[in-house]
Amino acid sequence: IGYNLPDTLALAFNAHAIVTLFQVKRIFIAPFLHSHDFHLYYNMSSLLMKGRSLELAIGSGRFLAMVLINIVTCGLIHVLLAYTLFFLDIWPEEIYVASIGFSSVLFALKTILNKYSEAQHANVMGIRINIKWASWAEILLIQMIIPNASFLGHVSGILAGMLYVQPFSHDVVTKIEEFGIVVFDLIDDNFLDPG
């Protein structure tokens, strides 16, 4: 998880490069790159809060699978939205925008966590919001505070989280989660177990 890497722009999420140059690796690499210390610290503290709750509830293997599924889903939705805005001539330059960071996945995790929360309201930067709208409110606040943040990336995260919790996604998600559990168990047994 790095920042200020010399090739950051060459590895950043860029819808045009992903589609026209088939640089699909950007979907997988960009979430792990950050622009500066604060960006990295904010995202990792957010992952700690959301990840702890989710991992304790569903287990490490399923959580790993959830994160991997959302990395891919966020990237695909981001490409789809960028090209839709391009073809509709609403925000055509968005296909060329380079973005980095784990925020889209964090918004997906937040949306999933909010879906299963028993709470009716959430505190978003000191403002009490209905939990259904908390992620959307956070996007608006982030855009006001950090105008260069990837609005489309954040929206992609919320949409990926909404897709993840849909009943029609359940069978696919379950198969991938089962694979994640097997992989995590192999890693745990072979590399993490000192005995």
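**Burial.** I looked up burial to begin with: 43% of the 195 residues of the protein count as buried. Buried means under 20% relative accessible area, exposed means over 50%, and partly exposed lies in between, with a 1.4 Å probe and protein chains only. I noted that this is a predicted model, where local features need pLDDT of at least 70, side-chain atom pairs count only at pLDDT 80 or more, and totals for chains, interfaces and linings use all residues. Numbering runs from 1 along each chain as its sequence is written, and side-chain values use heavy atoms, with hydrogens and water left out.

**Surface.** I then took the accessible surface of the protein, which comes to about 11,400 Å². Carbon and sulfur atoms hold 66% of that surface. Such areas come from the Shrake-Rupley method with a 1.4 Å probe, and for residues only the protein chains shown count as cover.

**Elements.** I listed 9 helices and 4 strands. Their order from the N terminus is β-α-α-α-β-α-α-α-β-β-α-α-α. Helices (H or I, at least four residues) and strands (E, at least two) are DSSP runs, numbered from the N terminus.

**Contacts.** I checked sequence separation next. Among contacts between residues at least 6 apart in sequence, 68% join residues at least 24 apart. Contact means heavy atoms within 4.5 Å.

**Cores.** Which residues touch the most other members of the largest nonpolar core? I found Met66, Val67, Val105, Leu109 and Tyr164, in a core of 18 residues. At least two residues each come from α5 (60-87), α6 (103-116) and α8 (151-164). The largest share is that of α5, with 7 residues. A nonpolar core is a set of buried Ala, Val, Leu, Ile, Met, Phe, Trp, Tyr and Cys residues joined through side-chain atoms within 4.5 Å. I followed valine 67 out to its partners: apart from neighbours within four places in sequence, valine 67 is in contact with Phe102, Val105 and Leu109. I also found a second, separate core of 11 residues, with Ile18, Ala30, Val79 and Leu85 among them.

**Largest pocket.** I recorded about 860 Å³ of space in the largest pocket. Its lining has 45 residues, and those nearest its centre are His39, Ser103, Ala149, Ser150 and His154. Helices α4 (37-58), α5, α6, α7 (134-145) and α8 each supply at least two. By class I have 23 nonpolar, 17 polar and 5 charged residues.

My terms here: on a 1 Å grid over the protein atoms alone, a pocket is an open set of points with protein on both sides within 12 Å along at least five of seven lines, and lining residues have an atom within 4 Å of a point. Grid points are joined across faces, edges and corners, and a volume is the space filled by probe spheres set on the points. Ala, Val, Leu, Ile, Met, Phe, Trp, Tyr, Cys and Pro count as nonpolar, Asp, Glu, Lys and Arg as charged, and the others, Gly among them, as polar.

**Second pocket.** The second largest pocket has a volume of about 370 Å³. I counted 15 lining residues, with Thr111, Lys115, Ile131, Lys132 and Met162 nearest its centre. Helices α6, α7 and α8 give two or more residues to this lining. I logged 8 nonpolar, 5 polar and 2 charged residues in the lining of this second largest pocket.

**Serine 150.** I went back to this residue of the largest pocket's lining. Serine 150 sits in the loop between α7 and α8. Is serine 150 buried or exposed? Serine 150 is buried, at a relative accessible area of 19%. Serine 150 touches His78, Ser99 and Gln143, not counting residues up to four places away in sequence. Glutamate 94 is 56 residues from serine 150 in sequence, with 9.8 Å between the C-alpha atoms.

**Positive phi.** Most residues other than glycine have a negative phi. I found phenylalanine 22 with a positive phi of about 50°, in the loop between α2 (15-20) and α3 (25-29). Phenylalanine 22 counts as exposed, because its relative accessibility is 67%. Aspartate 89 has a positive phi of about 55° and lies in the loop between α5 and α6. At 57% relative accessibility, I put aspartate 89 down as exposed.

**Glutamate 55.** Glutamate 55 is partly exposed, at 32%. Beyond neighbours within four places in sequence, glutamate 55 is in contact with Ser60 and Phe63.

Methods
1 Å grid on protein atoms, 1.4 Å probe; cavity = no way out; pocket = protein on both sides within 12 Å on 5 of 7 lines; lining within 4 Å.
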